[in-house]
Amino acid sequence: MFLTVTANPSVDRTVEVARLTRGELHRAAAVHVQPGGKGINVARALVRNGHQARAVVPAGGPEGDQLIRLLTGYRVEVVRVEVAGPVRSNITVVEPDATVTKINEAGAPLSAAERESLLGAVLDHASGVGWVVAAGSLPPGVPDEFYADLIHRLAPIGVPVAVDTSGAALPAAVKAGPALVKPNLEELAEVVDRPLRTLREVVDAAGELRSRGAAAVLASLGGHGAVLVDGDGTWHAEARAQARSSVGAGDALLAGFLAAGGRGPSALAAGVAWGAAAVSLPGSTMPGPEDVRAHRVVVHPDVEWERRIDT
Ligand SMILES: Nc1ncnc2c1ncn2[C@@H]1O[C@H](COP(=O)(O)OP(=O)(O)OP(=O)(O)O)[C@@H](O)[C@H]1O
Ligand SMILES: O=P(O)(O)OC[C@@]1(O)O[C@H](CO)[C@@H](O)[C@@H]1O
């Protein structure tokens, strides 16, 4: 069983248009409405692939009801934490060449009592789970240390925590000593406060996050695949894919990595296979076993240190 928590969930609306032009009327070629937020996507991906996952979700307003209703269709077990503010809607516009334009709302603030209920719900369900995944942005007013606090409170239970977040919440979580963090290239560059142009620079930055407290770093690099740096070594893997929508690919990568044991090159290969499968699917659709092409993954025996990853 995997347990995910998404402090700032969303109803994701993906609109497909022939070409996006600022200031013009567009007729949508297709629309996908899906339950969103990173922890929710991780849970959806795990369940699609035969694993058990439970998602802790703060949900308020009619939008919260809609989110929970949408989630039921995905067979994810949901622990709903009632909150006053409505669940946000995030909009993605996708063009046929897979260019993604995304507008994410900030989300409704959570009161101190609501934050406590959310943490309490995670702690109530954490015993005996394989991993807790804390993922996504924090709503306005929620302290940057929210996920860090969760890591500290979960420590006595001994369950490993994976964190995928952004902004100031990420360095705060790293300091709390999670088992795994999953930054993308921009997030990793922001934490170390320098541009990352080559695999060497990515690996160095991942090492810096390890020295600050994260036991392992799974850095996702879009079409360049992903790099894993842990106490045993460094690996780079990638897979070619016909990109359609990259939304949620990082969540699929993380889910695949955890589903395959959460450590080492074979888990990295599984994660990259799930990530590549996710980009080839519309909206934030999570791949199932029929979409995943494990044989397309290349785990490089030697890291190509000077390879550019900023193109
Ligand atoms: N164009 C692509 N071709 C092949 N694989 C891709 C492509 N884009 C992404 N991937 C796969 O998906 C994984 C995650 O992608 P990315 O780095 O864009 O994540 P992310 O920015 O965290 O995404 P999100 O926040 O939308 O979930 C990559 O590590 C890679 O395995
Ligand atoms: O605003 P955040 O919390 O950083 O990201 C939210 C989000 O963009 O992440 C998921 C894709 O990873 C989407 O389902 C969702 O809309």
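**Ligand 2 and the largest pocket**

With five residues, α9 gives the most to the lining of the largest pocket. Ligand 2 takes up the space of that pocket. This is a predicted model, in which local features need pLDDT of at least 70, side-chain atom pairs count only at pLDDT 80 or more, and totals for linings use all residues. Residues are numbered from 1 along each chain, ligands are numbered from 1 in the order written, and side-chain values use heavy atoms without hydrogens or water.

**Pocket**
- By class, 15 lining residues are nonpolar, 23 polar and 11 charged, with Gly counted as polar.

**Shell around ligand 2**
- Around ligand 2 there are 15 residues (a heavy atom within 4 Å), and the closest are Asp-12, Lys-38, Lys-102, Ser-137 and Asp-251.
- One shell residue is nonpolar, nine are polar and five are charged.

**Polar contacts** (N or O pairs within 3.5 Å)
- Oxygen atoms of ligand 2 lie 2.7 Å from a side-chain N or O atom of Lys-102, 3.0 Å from one of Asn-104 and 2.7 Å from one of Asp-251.
- Ligand 2 taken alone exposes 400 Å² (Shrake-Rupley method, 1.4 Å probe), of which the protein buries 89%.

Terms used: Polar contact = N/O pair within 3.5 Å; in protein donor to acceptor, adjacent residues only side chain to side chain. 1 Å grid on protein atoms, 1.4 Å probe; cavity = no way out; pocket = protein on both sides within 12 Å on 5 of 7 lines; lining within 4 Å. Sits in = over half its atoms within 2 Å of the grid points. Helix = DSSP H or I, 4+ residues; strand = E, 2+ residues; numbered from the N terminus.
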